[in-house]
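Biologist: Could you walk me through the labels on this one? I'd like to hear what stands behind each of them.

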Amino acid sequence: MVLGGRSGSWRQSSSFLVIFQHLYSQHLSEQTQLKEKVRMLLEDKKKLQGEQILLQESCEEAKRLCEEAHEKIYDLWTWQLQEHQRLEENLQSLLKQKELLTRQRDLAVKLQHHFTVSQMRFENLQQELEQTTAQGESLLQMELLGQKHYVPEN
């Protein structure tokens, strides 16, 4: 029985050894897979870190470009506002000049009318004067003629 006992123990040891080898082989296989996964994850991490750095740099560049664009747009807006104000002032000045010229034109038309009326009156007065002068001369001539033919009575 000792022999049988030993051979049973050896079989158990042999079975244990097969199971152990199988488990150890499975453990080594899993360990290798895990190491490969860790290696791949580290590579992914390195790639992601590189992408993160690139994204941060891109964000900073985009922010800088936005600030430059904002500054240019603000400068352009300020220039346009000043230009609008200048044009508005010019427009107001031109409207005042137009109003002044319109008043001057209206005044010139009135003065022209008054001049024409005065000229017509002058011409009428001149004609009357000429007629009156002619009548006065005629009367004077008649008086002179009357004086020549007049003989005083004494």
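**Labels and cut-offs**

Modeller: Let's start with Glu-36, which counts as partly exposed because its relative accessibility is 35%, and the label means in between buried (under 20% relative accessible area) and exposed (over 50%), with a 1.4 Å probe and protein chains only. Before we go on: this is a predicted model, where local features need pLDDT of at least 70, side-chain atom pairs count only at pLDDT 80 or more, and totals for chains, interfaces and linings use all residues. Residues are numbered from 1 along each chain as its sequence is written, and side-chain values use heavy atoms, with hydrogens and water left out.

Biologist: How do you know that Glu-36 forms a salt bridge with Arg-39?

Modeller: The rule asks for a side-chain nitrogen of Lys or Arg within 4 Å of a carboxyl oxygen of Asp or Glu. For Glu-36 and Arg-39 the closest N and O atoms are 2.2 Å apart, so the pair passes. Arg-39 is partly exposed too, at 37%. In general, side chains of opposite charge can pair when their charged atoms come close.

Biologist: Where do Glu-36 and Arg-39 lie?

Modeller: Both are in helix α1, three residues apart, or about one turn of the helix. A helix here is a DSSP run of H or I with at least four residues (strands are E, at least two), numbered from the N terminus. Helix α1 covers residues 2–148. Glu-36 and Arg-39 are also linked with Glu-43 in a network of salt bridges.

Biologist: How many salt bridges does a search of the whole structure find?

Modeller: Seven. Among them is the one between Glu-83 and Arg-86, at 2.4 Å from N to O; these two also sit three residues apart in helix α1. Glu-83 is partly exposed at 22%, and Arg-86 is partly exposed at 39%.

Biologist: What makes Glu-99 and Arg-103 about one helical turn apart?

Modeller: They are four residues apart in helix α1, so about one helical turn separates them. Glu-99 and Arg-103 form a salt bridge as well, with closest N and O atoms 2.7 Å apart.

Biologist: Why is Arg-103 called exposed, and Glu-99 partly exposed?

Modeller: Arg-103 has 55% relative accessibility, so it counts as exposed. Glu-99 has 41%, so it gets the in-between label.

Biologist: What makes Phe-16, Leu-17, Phe-20, Tyr-24 and Leu-28 a nonpolar patch?

Modeller: Patch residues have over 30% relative accessible area and no salt bridge; nonpolar side chains (Val, Leu, Ile, Met, Phe, Trp, Tyr) are joined within 5 Å, like charges within 9 Å. The five together have about 520 Å² of accessible area, from the Shrake-Rupley method with a 1.4 Å probe, where for residues only the protein chains shown count as cover.

Biologist: How far apart are Gln-127 and Met-40?

Modeller: They are 87 residues apart in sequence and 125 Å apart in space, C-alpha to C-alpha. Gln-127 is in helix α1, and its 47% makes it partly exposed.
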